[in-house]
Amino acid sequence: SETPEFVRPMGVAFGDDGWIYVADTGNNRVCVFDERGGFRFEIGGFGIAKPAAGAEPTWDEGELNFPTGIAVDEDGTIYVADFRNDSISVFDAEGAFLRRFPDPFEQVGEGGSGRGGLGIAVTDVAVADGRVYATDQYQVLVFSTDGELLDQFGKPGDGPGDLDHPNCIDVDEDGTVYVA
């Protein structure tokens with residue numbers, strides 16, 4: 001199939017199989033390429049889970065609204081930071097929608113940055129050892145791969161351990177979390 005044209009891609013991940021996953025932010029999708037760069041398929045499409053007051057939601061399972069980050073686990077499961085839908089969307093290795101978390105209409109732990117204080121305006125995701133690490137505007141939230149909140153840390157500021165709009169996260173082999 002034809003190679004897609006990107007509009008403001010903001011995230012990339014590499015699968016253990018060598019495949020490349022690109023968060024094509026401006027087109028509200030994820031594009032998947034094989035190890036040689038050949039286009040395989042796309043995931044997503046535009047859907048709004050939390051519209052402006054008076055508007056109707058248009059979100060259907062698997063749709064995205066400004067995907068900013070992406071991670072792929074050892075099984076090929078794809079985790080997408082769905083920034084404007086205040087959640088993480090999860091897809092299987094073939095691109096079928098599995099679930100999303102946290103619920104964008106509920107408070108997350110001690111609070112999140114989603115619109116109205118509900119959900120999280122997730123800017124990036126990483127996955128390691130059965131955990132999903134997500135950044136929002138001022139903190140890191142740690143979930144099980146099924147979406148259970150396990151931990152959260154960070155707060156606004158410029159001191160040690162404080163965060164100011166982090167936009168990238170990764171976890172190394174020994175479990176050290178790196179946040180940009």
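This is a predicted model: local features need pLDDT of at least 70, side-chain atom pairs count only at pLDDT 80 or more; totals for chains, interfaces and linings use all residues.

Colleague: Why is Asp-162 called buried?

Modeller: Its relative accessibility is 18%, and buried means under 20% relative accessible area (exposed is over 50%, partly exposed in between; 1.4 Å probe, protein chains only). So Asp-162 counts as buried. Asp-162 is found in the loop between β12 (149-153) and β13 (169-171); strands are DSSP E runs of at least two residues, numbered from the N terminus. Leaving out residues up to four places away in sequence, Asp-162 touches Lys-155, Pro-156 and Gly-157, where contact means heavy atoms within 4.5 Å.

Colleague: And Thr-68: buried or exposed?

Modeller: Thr-68 has a relative accessible area of 8%, so it is buried. Thr-68 lies in strand β5, and its side chain reaches the backbone oxygen of Thr-123 at 2.8 Å. Among the residues Thr-68 touches are Met-10, Ala-23, Phe-83 and Val-122.

Colleague: Why is strand β3 described as largely enclosed?

Modeller: Because five of the five residues of β3 (residues 29-33) are buried. Both faces are covered, with Arg-29, Cys-31 and Phe-33 on one side and Val-30 and Val-32 on the other.

Colleague: How do you know that β3 pairs with β2 and β4?

Modeller: Two strands pair if DSSP finds at least two bridges between them. Five bridges join β2 (residues 20-24) to β3, running antiparallel, and five join β3 to β4 (residues 39-44), also antiparallel. Asp-24 stands opposite Arg-29, while Cys-31 has Glu-42 as its bridge partner in β4. β2 and β3 form a hairpin with four residues between them, and Asn-28 in that turn has a positive phi of about 55°.

Colleague: What makes a group of residues a nonpolar core?

Modeller: The members are buried Ala, Val, Leu, Ile, Met, Phe, Trp, Tyr and Cys residues, joined through side-chain atoms within 4.5 Å. Here the largest such core has 14 residues, and Ile-88, Ile-120 and Phe-143 are among those with the most contacts inside it. β6 (78-82), β7 (87-91), β10 (131-135) and β11 (140-144) each supply at least two residues of this core. Apart from it lies another core of 13 residues, including Trp-19 and Ile-43.

Colleague: What is the volume of the largest pocket?

Modeller: About 560 Å³. On a 1 Å grid over the protein atoms alone, a pocket is an open set of points where a 1.4 Å probe fits, with protein on both sides within 12 Å along at least five of seven lines; lining residues have an atom within 4 Å of a point. The volume is the space filled by probe spheres set on the points, which are joined across faces, edges and corners. This pocket is lined by 27 residues, and Val-12, Ile-70, Ala-71, Val-125 and Ile-169 are the closest to its centre.

Definitions and conventions. Residues are numbered from 1 along each chain as its sequence is written. Side-chain values use heavy atoms; hydrogens and water are left out. A polar contact is a pair of N or O atoms within 3.5 Å; within protein, one must be able to donate a hydrogen and the other to accept it, and residues adjacent in sequence count only if both atoms are side-chain atoms.
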